[in-house]
Amino acid sequence: MIYKCKNCGGNTIYEPSRKRMYCPHCESLDSENIVRDNSLAQCGNCGAPITPGQYASAGRCAHCGSYIVYEERIDGVFKPHQILPFRLNKDMAVERLNQEFHKKTFLPAGFLSQKSLEKLQGIYVPFWLYGYQAHYDFEGEGTRVRSWRQGDMEYTETSYYHIIRQMEADFDKVPVDASFMMDDGEMDLMEPYAYQELEEFDPKYMSGFDGEVYNQSAPELEGRAQVKVRDASESLMQGSLSGYNTIRPGRKNLHLQRNDIRYVLMPVWMYLYQYQGKTWRFHVNGQTGKVTGKTPVSGRKVILYGLTTMFSVSAIFYLIGAILGML
């Protein structure tokens with residue numbers, strides 16, 4: 001499936017800054033026509049061979065540059081329930097990277113260069129969103145300690161309390177990424193998203209970006225969602241137990257009832273930077289602009305900085321010595 005402009009025949013894409021379909025060739029808006037093609041072997045625009053890979057649901061033809069949405073990979077069991085459209089376009093994502101990293105002293109010289117940042121690519125990452133109702137039954141013993149001094153004597157009083165708590169909590173849209181390509185920890189750091197902006201799935205949002213189908217099923221990944229819910233439930237319960245000096249649990253029963261599963265696509269800008277034989281990965285939340293990634297360090301810059309500092313200190317001491325010698 002390719003979206004072509006009905007005015008000039010160019011490839012129309014979704015432009016996040018406009019929140020509309022846009023033709024970069026004639027600059028028209030909402031001028032898209034769908035050209036359907038179910039082939040995974042050749043481009044529907046130029047006929048050149050393509051190799052989308054096992055999980056790709058959208059991508060770009062390396063020959064003509066057209067953005068293709070692979071219909072059979074957004075249909076049937078692979079049809080997402082919802083999609084969170086990109087809010088940041090490429091220029092905005094580049095600006096966020098510059099804001100995040102431009103003050104770092106020891107970055108390699110080419111890290112934020114225009115040539116390197118051309119590799120920045122937007123991708124719709126597959127996620128499962130889980131919904132749970134949690135019931136937490138807690139029983140334990142708490143103590144409160146009070147100390148005071150009277151004359152030469154110091155007194156300590158320990159009071160013991162029988163604690164019973166029952167908590168009900170609803171967890172909606174607990175996210176777990178379903179992509180082998182994306183690091184789970186990095187995707188967790190992408191949170192939170194503004195889930196109220198989720199829309200019913202429409203493939204037009206994918207034109208202009210890469211995309212993936214889920215690499216793992218919802219049952220395979222549910223354990224990760226349950227860990228998140230259990231940790232959040234424990235935090236809520238502990239928050240209700242404040243005011244005690246010590247707490248000794250006796251009974252902790254947490255029961256989770258799943259009540260929803262949704263397959264959704266989330267927007268992420270991905271920047272891969274090659275340095276000294278290693279690939280450094282950076283991600284920008286395509287909706288909020290949150291940036292994650294650890295930067296490489298230029299050894300050359302570290303050495304130059306050290307030498308500059310050493311010479312500067314030596315010069316200062318030389319001047320001080322010269323001034324003292326004149327007195």
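So, strand S5, residues 56–60: this strand gives the most to the lining of the second largest pocket, with 4 residues. Keep in mind as we go that this is a predicted model. That pocket has a volume of about 160 Å³. Among the residues lining the pocket are Pro49, Ile50, Ala58, Arg60, His63 and Asp210. Sorted by class, its lining has 7 nonpolar, 3 polar and 2 charged residues.

Okay, on to the largest pocket. Its volume is about 600 Å³. How many residues line it? There are 29, and the ones nearest the centre are Ile13, Pro24, Arg60, Tyr67 and Gly208.

Now for the rings. The count comes to 20 aromatic pairs. Here's one of them: Phe86 and Phe209 are stacked, 4.1 Å centre to centre, with 0° between the planes. Phe86 is in the loop between S7 and H1, and Phe209 is in the loop between S10 and S11, so this pair ties together parts that are 123 residues apart in sequence. Buried or exposed, those two? Both are buried.

Compare that with Phe127 and Tyr193, an edge-to-face pair at 6.3 Å centre to centre and 70° between the planes. Phe127 belongs to strand S8 while Tyr193 is in the loop between H3 and S10, so here the parts being tied together are 66 residues apart in sequence. Phe127 and Tyr193 are buried too. There's also an aromatic cluster, made of Phe101, Tyr271, Tyr273, Tyr275 and Phe282.

Take Arg144: it lies over the face of Tyr161, 4.8 Å from the ring centre. The charged end of Arg144 also sits over the ring of Tyr244, at 4.5 Å from its centre.

Last stop, Leu256, which you'll find in strand S12, residues 246–275. Why do we call Leu256 buried? Because its relative accessibility is 14%, and buried means under 20%. Leaving out residues up to four places away in sequence, Leu256 touches Tyr132, Gln133, Ala134, Gln226, Val229 and Arg230.

Methods
Residues numbered from 1 in each chain as written. Predicted model: local features only at pLDDT ≥ 70, side-chain atom pairs only at ≥ 80, totals over all residues. Heavy atoms only, no water. 1 Å grid on protein atoms, 1.4 Å probe; cavity = no way out; pocket = protein on both sides within 12 Å on 5 of 7 lines; lining within 4 Å. Points joined across faces, edges and corners; volume = space filled by probe spheres on them. Helix = DSSP H or I, 4+ residues; strand = E, 2+ residues; numbered from the N terminus. Nonpolar A, V, L, I, M, F, W, Y, C, P; charged D, E, K, R; others polar. Buried < 20%, exposed > 50% of the residue type's maximum accessible area, 1.4 Å probe, protein only. Contact = heavy atoms within 4.5 Å. Phe/Tyr/Trp six-rings, centres within 6.5 Å; stacked < 30°, edge-to-face > 60°. Lys NZ or Arg CZ within 6 Å of the ring centre and 35° of its normal.
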